[in-house]
Amino acid sequence: MAIVVNLDVMLARRKMRANQLAAAIGITAQNLSILKTGRARAIRFSTLDALCQELDCQPGDLLEYRPPPRP
């Protein structure tokens with residue numbers, strides 16, 4: 001997939017654990033893990049809003065587009 005989730009980078013910058021973030025924004029640690037590892041197929045705007053609010057960042061800090069290599 002061409003969308004890369006940089007949630008682990010932002011967690012490290014904020015010196016926060018995934019479990020702390022999950023509790024703070026009201027989602028399960030398992031759902032946060034799915035998002036963090038890039039296995040999520042979708043994200044709700046309300047979840048993205050909560051992540052940005054808690055991590056004090058912009059959506060572009062969490063999500064990055066990397067085009068696939070051309071053959």
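Residues are numbered from 1 along each chain as its sequence is written, and side-chain values use heavy atoms, with hydrogens and water left out. Because the model is predicted, local features need a pLDDT of at least 70 and side-chain atom pairs count only at pLDDT 80 or more, whereas totals for chains, interfaces and linings use all residues.

The chain has 5 helices and 2 strands, where helices (H or I, at least four residues) and strands (E, at least two) are DSSP runs numbered from the N terminus. From the N terminus on, these elements follow the order β-α-α-α-α-α-β. The radius of gyration, taken over C-alpha atoms, is compared with a globule rule of 2.2 Å times the number of residues to the power 0.38. The value for the chain is 12 Å, close to the 11 Å that the rule gives for 71 residues, so the chain is as compact as a globular protein of that length. Along its principal axes, the C-alpha trace spans about 45 × 20 × 20 Å.

Helix H2 (residues 18-25) and helix H4 (residues 45-55) pack at an angle of about 120 degrees, with their axes 10 Å apart. Here the axes are lines fitted to C-alpha atoms, for helices over the stretch in contact, and angles run from 0 to 180 degrees between N-to-C directions. Leu 21, Ala 24 and Ile 25 of H2 meet Ala 50, Leu 51, Glu 54 and Leu 55 of H4, a contact being defined by heavy atoms within 4.5 Å.

The largest nonpolar core has 16 residues, and those with the most contacts inside it include Leu 21, Leu 51, Leu 55 and Leu 62. Such a core is a set of buried Ala, Val, Leu, Ile, Met, Phe, Trp, Tyr and Cys residues joined through side-chain atoms within 4.5 Å; buried means under 20% relative accessible area, exposed over 50%, and partly exposed in between (1.4 Å probe, protein chains only). H4 gives the most to this core, with 5 residues. Not counting residues up to four places away in sequence, Leu 62 touches several residues, among them Val 4, Leu 7, Leu 51 and Leu 55.

Lys 15, in the loop between H1 and H2, has a positive phi near 50 degrees and is exposed, with a relative accessible area of 75%. Asp 56, in the loop between H4 and helix H5 (59-62), also has a positive phi near 50 degrees, and Asp 56 is exposed at 63%.
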